[in-house]
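The sequence and structure come first.

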Amino acid sequence: MQLNIVKMENLKRNIYKYNMSFYYQSTIIYLVVFLIYIMIRDEFVEGSYRLVTNDPIIYFFGIIVLVSIIALLYNLYKNRHLEISDDAISFVNRFKTKSILLEQIAYIKLFREREGNSNRAFRLIRIILKRRKRPVIIRPYDYENESDLINEFQDLKNKLETPNV
């Protein structure tokens with residue numbers, strides 16, 4: 001039993017957490033717009049600061065803010081991340097783990113940005129598996145330290161392409 005524990009500790013793993021900045025930014029923006037609308041509506045239309053409960057736009061903004069907060073909390077709870085070790089790529093969240101062993105990978109294709117398209121959000125990593133028709137597609141922009149993640153997949157790609165002698 002101790003041998004397995006030592007083996008797992010010596011295993012090199014790089015962990016890339018899911019990028020939550022979109023959820024934080026959208027929640028803050030929706031909340032600010034909601035509060036600004038309430039202040040403008042109460043000050044200029046009603047003439048005083050009292051809660052306007054018969055305005056459907058306030059309900060609409062409130063629902064958007066509530067859904068945004070629920071999505072943020074749910075994604076924080078899921079705790080998604082990507083683990084890359086010497087022998088596997090694992091997609092991990094609080095509920096389950098999906099692992100792809102390096103022996104199962106046919107090849108890895110990295111899509112870099114083109115000259116006309118410099119948006120980092122459109123970069124893709126496509127992992128083609130030997131026994132599966134559909135590829136596994138990863139967007140590096142969705143994870144923290146995206147440049148390190150791209151470099152890690154480049155290293156994996158080079159490791160898969162070199163023939164084992």
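In what order do the three strands of the open sheet lie, and is the pairing parallel or antiparallel? The order is S5-S6-S7, and the pairing is antiparallel. The model is predicted, so to speak of its local features requires pLDDT of at least 70, side-chain atom pairs count only at pLDDT 80 or more, and totals for chains, interfaces and linings use all residues. Residues are numbered from 1 along each chain as its sequence is written, and side-chain values use heavy atoms, with hydrogens and water left out.

**Sheets**

Strands (E, at least two residues) and helices (H or I, at least four) are DSSP runs numbered from the N terminus; two strands pair if DSSP finds at least two bridges between them. In the three-stranded sheet, strand S5 (105-111) and strand S7 (136-138) are the edges, each pairing on one side only. The twist averages 15° from one strand to the next. Angles run from 0 to 180 degrees between N-to-C directions, with axes fitted to C-alpha atoms, for helices over the stretch in contact. Between S5 and strand S6 (residues 124-129) there are six bridges in the antiparallel sense. Within this pairing, Leu 110 is opposite Ile 125 in S6.

The other open sheet has four strands in the order S1-S2-S3-S4, again with antiparallel pairing. Its edge strands are S1 and S4, each of which pairs on one side only. Here the twist averages 15° from one strand to the next. Ile 15 stands opposite Glu 83 in S2, and Ser 90 has Ser 99 in S4 as its bridge partner. A hairpin of four residues connects S3 to S4.

| Strand pair | Bridges |
|---|---|
| S5 and S6 | six bridges |
| S1 and S2 | five bridges |
| S3 and S4 | five bridges |

**Helix H4**

Helix H4 (residues 146-161) touches S5, S6 and S7, and its direction makes about 140° with that of S5. Contact means heavy atoms within 4.5 Å. H4 also lies across S1, S2 and S3, running at about 35° to S2.

**Cavity and pocket**

Both kinds of space are found on a 1 Å grid over the protein atoms alone: a cavity is a set of points where a 1.4 Å probe fits but cannot get out, a pocket is an open set with protein on both sides within 12 Å along at least five of seven lines, and lining residues have an atom within 4 Å of a point. A volume is the space filled by probe spheres set on the points, which are joined across faces, edges and corners.

The structure has one cavity of 30 Å³ or more, and the largest cavity holds about 30 Å³ of space. Its lining includes Leu 110, Ile 125, Pro 140 and Ile 150. S5 and S6 are the elements that give two or more residues to this lining. By class, the cavity lining has six nonpolar, no polar and two charged residues.

The largest pocket has a volume of about 490 Å³. It is lined by 18 residues, of which Arg 80, Phe 91, Lys 98, Val 136 and Tyr 143 are the closest to its centre. Strand S3 (88-92), strand S4 (97-101) and S7 each give two or more residues to the pocket lining. Its classes are nine nonpolar, three polar and six charged residues.

**Aromatic pairs**

Rings of Phe, Tyr and Trp (its six-membered ring) pair if their centres lie within 6.5 Å, and planes under 30 degrees apart count as stacked, over 60 as edge-to-face and the rest as tilted. The count comes to five aromatic pairs. The ring centres of Tyr 18 and Tyr 143 are 5.9 Å apart with planes at 85°, so this pair is edge-to-face. Tyr 18 lies in the loop between strand S1 (13-17) and helix H2 (21-46), and Tyr 143 in the loop between S7 and H4, 125 residues apart.

Note on methods:
Ala, Val, Leu, Ile, Met, Phe, Trp, Tyr, Cys and Pro count as nonpolar, Asp, Glu, Lys and Arg as charged, and the others, Gly among them, as polar.
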